[in-house]
Amino acid sequence: MEIGERIRQHRQELGWSQDRLAAEACRAAGVSVGTLGRQEIYRWEKGKRTPREWLSFIAKALGTTQDVLRSPEPDIAYGPSLGGIWHSHYAYESTARGTISRHHHVVILQSGNQLSAESLPNSNDSPVSLALTMRGPIGTGTWTEQTAVGGYYQGAVYHGALQLIVDPTGRSMAGKWVGFDKEFRVDSGPWNLDLVDTATDAATCQRYDISPIGSRID
């Protein structure tokens with residue numbers, strides 16, 4: 001894993017955007033916010049450039065050291081393969097509507113200790129995506145939800161951080177999300193995933209491209 005990939009991994013574990021990391025690195029360096037921009041963070045993470053003189057400030061902002069960014073602990077992938085179709089369900093409190101639960105069929109793809117998940121388009125009008133780094137049975141990363149354009153939140157995009165623990169069987173995950181609500185207050189709530197099918201081929205995805213509970217929730 002290259003330095004840029006390690007920077008991205010630490011940034012995502014904090015739930016930060018590239019803009020946020022650039023700003024925090026400027027603060028760590030004692031220079032005006034904006035001196036370092038998102039595009040430079042993007043280039044570093046893609047391996048197009050090397051941080052060089054900014055590396056110590058990037059490490060300080062991320063709460064780590066230059067040595068860790070240069071030579072981190074090896075990737076630790078959880079034993080069971082976690083790729084497949086999963087039933088994702090999470091809940092949050094709405095001031096106007098009470099407790100709301102959302103259900104999706106998501107496709108999880110695994111590469112080493114990295115998991116990426118995208119909801120199947122017809123499983124819910126509000127698609128979600130996840131990006132997780134596995135260290136043992138612990139998954140840490142980020143989530144994004146694009147709410148339904150015709151729904152209560154009128155297409156608003158929400159995002160935040162997520163941490164899940166994988167059951168020893170490898171067939172379920174449970175944890176908590178944290179993020180902001182419509183009034184820009186930080187909230188949290190439960191998030192669970194249950195394995196439905198280990199296949200991710202086109203035919204399997206098409207079979208599960210429906211709501212896990214028989215009706216959409218927007």
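1. **Ground rules.** This is a predicted model, so to speak of local features a pLDDT of at least 70 is needed, side-chain atom pairs count only at pLDDT 80 or more, and totals for chains, interfaces and linings use all residues. Residues are numbered from 1 along each chain as its sequence is written, and side-chain values use heavy atoms, with hydrogens and water left out.

2. **Helix α4.** Start with α4, residues 55-62, whose buried residues are L55, I58, A59, A61 and L62. Here, buried means under 20% relative accessible area, exposed over 50%, and partly exposed in between (1.4 Å probe, protein chains only). These residues sit on the same side of α4, because they cover an arc of only 165° around the axis; the arc is that of the directions from the helix axis to the C-beta atoms. An α-helix has 3.6 residues a turn, so residues three or four places apart point the same way. Helices (H or I, at least four residues) and strands (E, at least two) are DSSP runs, numbered from the N terminus.

3. **What α4 packs on, and its ends.** The buried residues of α4 pack against α1 (3-14), α2 (18-29), α3 (38-45) and α5 (66-70), where contact means heavy atoms within 4.5 Å. Just after α4, G63 has a positive phi of about 75°. In the loop between α3 and α4 you'll find R52, which has a positive phi of about 50° although it is not a glycine. R52 is exposed, at a relative accessible area of 65%.

4. **Cysteines.** A disulfide is taken as a pair of cysteine sulfur atoms within 2.5 Å, and by that rule the count is 0. C26 is buried, with a relative accessible area of 0%, and C205 counts as buried too, at 14%.

5. **Q114.** This residue lies in strand β3 (residues 114-119) and is buried, with a relative accessible area of 19%. The side chains of Q114 and T133 are joined by a polar contact of 3.3 Å. For that term, read a pair of N or O atoms within 3.5 Å; within protein, one must be able to donate a hydrogen and the other to accept it, and residues adjacent in sequence count only if both atoms are side-chain atoms. Leaving aside residues up to four places away in sequence, Q114 touches R8, Q9, L109, L132 and T133.

6. **Aromatic pairs.** There are 5 aromatic pairs in the structure. W143 and W177 make an edge-to-face one, 5.9 Å centre to centre with 80° between the planes. That pair links distant parts of the chain, with W143 in strand β5 (residues 138-146) and W177 in strand β7 (residues 172-180), 34 residues apart. Both are buried: W143 has a relative accessible area of 6%, and W177 has 8%. The rings of W143 and W191 have centres 6.1 Å apart and planes at 55°, so this pair is tilted. It links W143 in β5 to W191 in strand β8 (residues 186-197), 48 residues apart. On the cut-offs, rings of Phe, Tyr and Trp (its six-membered ring) pair if their centres lie within 6.5 Å; planes under 30 degrees apart count as stacked, over 60 as edge-to-face and the rest as tilted. Y90, W143, W177 and W191 form one aromatic cluster.

7. **Strands around W191.** Two strands pair if DSSP finds at least two bridges between them. Strand β1 (residues 84-94) runs antiparallel to β8, joined by 6 bridges, and Y90 has W191 as its bridge partner in β8. β7 and β8 are antiparallel as well, with 9 bridges, and the partner of G175 in β8 is W191.

8. **The β7-β8 hairpin.** There are 5 residues between these strands, and F184 takes a positive phi near 60° in the hairpin. E183 is in the loop between β7 and β8 and counts as partly exposed at 42% relative accessibility. E183 and L195 are 12 residues apart in sequence and 34 Å apart in space, C-alpha to C-alpha.

9. β1 and strand β2 (residues 98-111) pair antiparallel over 11 bridges, and a hairpin joins them through 3 residues. S94 stands opposite G98 in β2. β2 and β3 are likewise antiparallel, over 6 bridges, with Q110 opposite L115 in β3. Their hairpin has 2 residues between the strands, and G112 takes a positive phi near 65° there.
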